[in-house]
Amino acid sequence: MNVIIVTACPSGMATSFLAARRLEQAARRRDWEPLIDMRSQFERELVLSDAQLAAAELVIVAASPMASAGLDRFVGKRVHVAPIEEALPDPAAFLANAEARARVLEAKDIADVAATVSTTASGAASAAGGDVAHKPSIVAVTACPTGVAHTFMAAEALSEAGRALGYPTRVETQGSVGAQDALTEQEIAAAEVVILACDIEVDPTRFAGKRVWRTSTGTALKKPRDTIEQALEGAEVESATAAGGQGSQQKGEKRGPYKHLLTGVSFMLPMVVAGGLMIALSFVFGIKAFEEEGTLAAALMQIGGGSAFKLMIPVLAGYIAYSIADRPGITPGMIGGWLAATLDAGFLGGIIAGFLAGYSALGLSRFVKLPQSIESLKPILIIPLVASMVTGLVMIYVVGTPVAGLMATLTEFLESMGSANAVLLGILLGAMMCFDLGGPVNKAAYAFGVGLLASETYAPMAAIMAAGMVPALGMGLASFIARSKFAEPEREAGKASFILGLCFISEGAIPFAAKDPLRVIPACMVGGAVTGALSMLIGAKLLAPHGGLFVLLIPNAINVPLMYLGAIVAGTLVTGIGYALIKKGAQQVETAAAT
């Protein structure tokens, strides 16, 4: 990149010279082509030609006072201006900051920019990016594995917190229906910082060159003000390499195997939901109706069970690998996932295949160095070929058979376990679903139930969804039957919580848990454990892993709908009445944006 660097300190030649040389060295380390205009009382002004000005992609001005820098030459160019003192402590960071914050300079702004920067002794003007003093704008993306609750609640929390702090804030949600309120290129370019509050991998390439802060949806939801303040202070410039999936981890970001697994589950989930509901619809014509070829029931079963459910594990493995190694990981991941499915290794085999393919592709991408003439073949030929071969051979000769045996044993145990074991499993899964209301423990239990659907084991999924509805339903019930103990905002939050609970959105209880965790969480866990135990005891089997109470409207989606409904009601009563009894007085529920 062609860069013009201006250093100006008329009263101090040493300062101007030192800043110029340090910035030049830092620029060359970034593979920039710098043109240095060093000004002092002993240096003549560098006359830039029209060609040099036209070729410049970025102008960086470090000057004190700013009037000595000759800003009028750079009207229409991307310019970053700051006091020269800001450039000396860490030139590399100064250049990265300049690249991220540069703005197109307009003639009408020159006087204001010069006055603002030159009269500020501290670094506050530098933080404003050289523009007229204003609150920096913020853009954000939120995304959670299921794309239902945390995605939108975190977006609302960040928007409200941004407004409360005085920062213009725009949030894009990447939920289960795709991106909504998508950020424009102009909004991204104008933003001071980008917040990626995502529990799954999202494509960061459009944020290359911007200051990016990564965190989770849970953190953004519970501590939105802290998230914004940390982002403004600690966000790092997203390089092209980092945007391609090889970036370093930030303090606010939770990465690693868990996030890769959730990315795979997120992409697999629509396949599971569609396939499960398709199978349930085929049962509308009779439990055995699909066995008659040529009928609509047979077609629905072929779409759901014969296609969607077969693709579950390849999609899971493919997008685990994608989360690890970006696009080069998809092909070996899906091949490994298909092998896991055909070898009857189930979702455990798919998870192993995804990680194996992802890290194989990542290793080839990072550590295999090829001549420049064939380097371009790596992502389209060498990585898919070698990573697929490694993954496939390991799955066939090493992993497939023992994992298939383990899955067969697990499936047999789940199908043959007695009432006592079923109740214990239901208690465990139900309590996990209610422990952190959409957090890691909740998602682990949910992923376990979804994975078993590929093995046609439906009972754990029924217990998981029933228990997951209890926290939000229970808080709604408690706010109704003990109205005197709840402030008016709490009662309104209770109404919303009840509706969210009907939709299997546990996060509706988060406002209550945030204010009174030592009472809300235990009450929810007890109710969830009761519901999970009852669901397993009655032998409930659920074909669709989402939809809440509305799934009961689909004939045969649940095998014992009335008893299943009774289990949900029982857990709701335990949680709602229990919390109503132990709650103390009327307390204000914190809003999502509260400190």
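**Surface patch, cores, sheet and loops of the predicted model**

Leu381 is found in helix H16; helices (H or I, at least four residues) and strands (E, at least two) are DSSP runs, numbered from the N terminus. The model is predicted, so local features need pLDDT of at least 70 and side-chain atom pairs count only at pLDDT 80 or more, while totals for chains, interfaces and linings use all residues. Residues are numbered from 1 along each chain as its sequence is written, and side-chain values use heavy atoms, with hydrogens and water left out.

Leu381 has a relative accessible area of 44% and is therefore partly exposed, a class that lies between buried (under 20% relative accessible area) and exposed (over 50%), computed with a 1.4 Å probe on protein chains only. Leu381 belongs to a nonpolar surface patch that also includes Ile374, Leu377, Ile380, Leu385, Met389, Tyr397 and Val398. Together the patch residues have about 1,100 Å² of accessible area, computed by the Shrake-Rupley method with a 1.4 Å probe, with only the protein chains shown counting as cover for residues. Patches are made of residues with over 30% relative accessible area and no salt bridge, in which like charges are joined within 9 Å and nonpolar side chains (Val, Leu, Ile, Met, Phe, Trp, Tyr) within 5 Å. A salt bridge is a side-chain nitrogen of Lys or Arg within 4 Å of a carboxyl oxygen of Asp or Glu. Helix H16 (residues 378-416) supplies the largest share of the nonpolar patch, ten residues.

In soluble globular proteins, nonpolar side chains tend to be buried together. The largest nonpolar core in the model has 69 residues, and Tyr446, Met461, Leu542 and Tyr564 have the most contacts inside it. Helix H12 (residues 296-325) gives the largest share of this core, twelve residues. A second, separate core has 37 residues, among them Ala140, Ala231, Ala235 and Ala509. A nonpolar core is a set of buried Ala, Val, Leu, Ile, Met, Phe, Trp, Tyr and Cys residues joined through side-chain atoms within 4.5 Å.

Beyond its neighbours within four places in sequence, Met461 is in contact (heavy atoms within 4.5 Å) with Tyr446, Gly449, Val450, Leu453, Leu542 and Pro545. Ile279, in helix H11 (residues 257-282), counts as buried because its relative accessibility is 5%. With neighbours within four places again left aside, Ile279 is in contact with Met301, Gly304, Gly305, Phe309 and Leu543. The C-alpha atoms of Ile279 and Leu300 are 6.5 Å apart, although 21 residues separate the two in sequence.

Five strands form an open sheet of mixed pairing in the order E2-E1-E3-E4-E5, where two strands pair if DSSP finds at least two bridges between them. Strands E2 (33-39) and E5 (103-104) are the edge strands, each pairing on one side only. Strands E3 (residues 58-63) and E4 (residues 78-82) run parallel and are joined by four bridges; Val59 stands opposite Val79 in E4. Elsewhere, Val212 lies in strand E10 (residues 211-215) and is buried because its relative accessible area is 1%. Val212 and Val237 are 25 residues apart along the chain, with 6.0 Å between their C-alpha atoms.

Most residues other than glycine have a negative phi, and most peptide bonds are trans. Asp31, in the loop between helix H1 (13-29) and E2, has a positive phi near 65 degrees. Its relative accessibility is 64%, so Asp31 counts as exposed. Asp344 also has a positive phi, of about 60 degrees, and is placed in the loop between helix H13 (330-342) and helix H14 (346-367). At 57% relative accessibility, Asp344 counts as exposed.
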